[in-house]
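The entries follow in the order I made them.

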Amino acid sequence: MRVIRFEQFGEPADVLKVCESEEPVARAGEVLVRMLASPVNPSDLLNIRGGYSTRPALPAVPGFEGVGIVEASGGGLRGSILKGKRVVVLNRQTGNWADKVAVSSQFVIPVSGKLTVDQASTFFVNPATAYVLVKQVLKIPAGDWLIQTAAASAVGRMIIRLGQLEGFKTLNVVRRQEQAAELKSLGAQHVIVFNAAHDDERILIDQIRKLTGKQTLRYAIDPVGGKTASALVKVLGERSRLIVFGSLDDAPLNFFSRDLIRTGASIEGFWLARHMERLSLPAKIRLVSKLTGLIRQGVLSTEISARYPLDQIAEAVGEAERQGTSGKVLLTMPAADGSTPHD
């Protein structure tokens with residue numbers, strides 16, 4: 001079978017290779033999944049570059065999420081129940097960019113047949129992040145403000161739609177003017193253009209204050225870091241919360257401690273995998289059901305911009321990183337009959 005590997009950290013297009021490999025065998029507590037599709041997420045690319053504090057052992061296979069069919073079980077009740085089922089695969093170790101993968105049965109979740117392959121393959125990382133952040137972590141009430149950076153991302157678009165559904169207002173920060181126009185066409189009322197590479201931090205601070213006026217800014221989320229997140233710290237209101245869940249900018253945050261002392265604001269880190277580990281099985285089932293419904297409604301649906309077979313991995317990661325790409329890039333794998341299913 002085919003598998004995508006990297007033997008050193010670096011630029012994805014340079015270090016990723018298509019390799020032939022023996023089919024894995026599901027050990028006790030594992031299932032063997034024939035993959036159908038897996039997205040190219042920013043988290044995958046950061047992992048390939050070695051950007052996380054915990055790096056995978058090399059050689060490594062990327063791919064944190066995807067969808068496939070359980071072909072075999074290494075034993076256990078859960079594995080036997082899952083056999084033949086279409087499942088979401090949340091893989092934190094060996095990676096999903098392969099024709100088949102053996103993974104703990106605890107990290108696969110049956111997914112509704114009412115979802116397309118495209119939507120099932122992108123079922124978890126972005127939709128769950130968006131929903132959990134605003135509904136379970138921050139619990140933003142209707143009428144309040146949420147400011148978010150990287151608002152043109154898949155998560156950002158989902159949060160805009162959640163705001164429209166739930167009644168909270170979003171203040172959206174993007175890097176380029178064309179992104180602002182696009183978000184406004186989707187219904188975003190408040191968009192600020194700020195590029196940390198050449199804009200002074202004061203520009204973002206002044207624009208935020210101009211839009212919010214005397215209203216208290218209590219909720220903020222940021223996957224960027226650096227100058228962008230630092231600016232958010234300086235506009236937080238009384239007892240407000242900033243959740244950081246990414247580091248697209250390698251620069252550290254820069255602010256005075258009194259910026260937090262003055263308002264009693266807090267900064268918290270969020271990692272979806274850790275959040276999921278803390279949830280009980282009934283809570284996970286309820287979350288999956290809620291996400292399925294919101295995806296079908298279009299609130300948490302993912303736009304797919306392109307699909308590539310594993311053999312075109314260099315083209316796939318190049319497209320995923322191309323400036324202006326709107327939508328998710330998928331890697332597709334053949335089904336048991338040799339077809340490549342997608343919707």
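**Entry 1: confidence.** I began with pLDDT, the predictor's confidence in each residue on a scale from 0 to 100. The model is predicted, so I noted the limits: local features need pLDDT of at least 70, side-chain atom pairs count only at pLDDT 80 or more, and totals for chains, interfaces and linings use all residues. Residues are numbered from 1 along each chain as its sequence is written, and side-chain values use heavy atoms, with hydrogens and water left out. For the protein I found a mean pLDDT of 90, with 97% of the residues at 70 or more. I then looked at the elements, which are DSSP runs numbered from the N terminus (helices: H or I, at least four residues; strands: E, at least two). Strand β1 (residues 2-6) has the highest mean pLDDT among them, 97, and helix α11 (residues 272-278) the lowest, 84.

**Entry 2: the sheet.** I looked up strand pairing, which requires at least two DSSP bridges between two strands. Six strands form an open sheet in the order β10-β9-β8-β11-β12-β13, with parallel pairing. The edge strands are β10 (190-193) and β13 (266-269); each has a single partner strand, so one side of each lacks a neighbour in the sheet. From one strand to the next, the twist averages 20°. Ile147 stands opposite Leu171 in β9.

**Entry 3: helices on the sheet.** For packing I used contact, meaning heavy atoms within 4.5 Å. Axes are lines fitted to C-alpha atoms, for helices over the stretch in contact, and angles between N-to-C directions run from 0 to 180 degrees. Helix α6 (residues 154-166) packs on the sheet and touches β8, β9 and β11 (219-222); the direction of α6 makes about 170° with that of β8. Helix α9 (residues 226-233) also packs on the sheet, touching β8, β11, β12 (241-244) and β13, and makes about 170° with the direction of β11.

I then checked burial (buried: under 20% relative accessible area; exposed: over 50%; partly exposed: in between; 1.4 Å probe, protein chains only). How many residues of α9 are buried? Seven of its eight residues are, and the helix is mostly covered. They are Gly226, Thr228, Ala229, Ser230, Ala231, Leu232 and Val233. The buried residues of α9 pack against β8, α8 (201-212), β11, β12, α10 (258-261) and β13.

**Entry 4: a helix pair.** I looked up α5 (residues 125-137) and α12 (residues 281-297), whose axes come within 11 Å and cross at roughly 110°. By the cut-offs, angles under 35 degrees are roughly parallel, over 145 roughly antiparallel, 65 to 115 roughly perpendicular and the rest oblique. The two helices α5 and α12 are therefore roughly perpendicular. Pro127, Ala128, Tyr131, Val132 and Gln136 in α5 meet Leu287, Lys290, Leu291, Leu294 and Ile295 in α12.

**Entry 5: salt bridges.** I counted a salt bridge where a side-chain nitrogen of Lys or Arg lies within 4 Å of a carboxyl oxygen of Asp or Glu. The structure holds 17 of them. Arg49 pairs with Glu11 at 2.8 Å, N to O. This pair links distant parts of the chain, 38 residues apart: Arg49 is in the loop between α2 (42-48) and β4 (67-73), and Glu11 in the loop between β1 and α1 (12-15). Arg49 also meets Glu321 in a salt bridge, at 2.8 Å, N to O. Here the partners are 272 residues apart, with Glu321 in helix α13 (residues 313-321).

I noted the accessibilities: Arg49 is partly exposed at 28%, Glu11 partly exposed at 41%, and Glu321 partly exposed at 40%.

Glu319 and Arg322 form a salt bridge with the closest N and O atoms 2.9 Å apart. Glu319 counts as buried at 17%, whereas Arg322 is partly exposed at 45%. Shared partners join Glu23, Arg34, Glu71 and Lys100 into one salt-bridge network.

**Entry 6: a single residue.** Last, I looked up Ser43, which is in helix α2. With 19% relative accessibility, Ser43 counts as buried. Leaving aside neighbours within four places in sequence, Ser43 is in contact with Tyr52 and Phe64.
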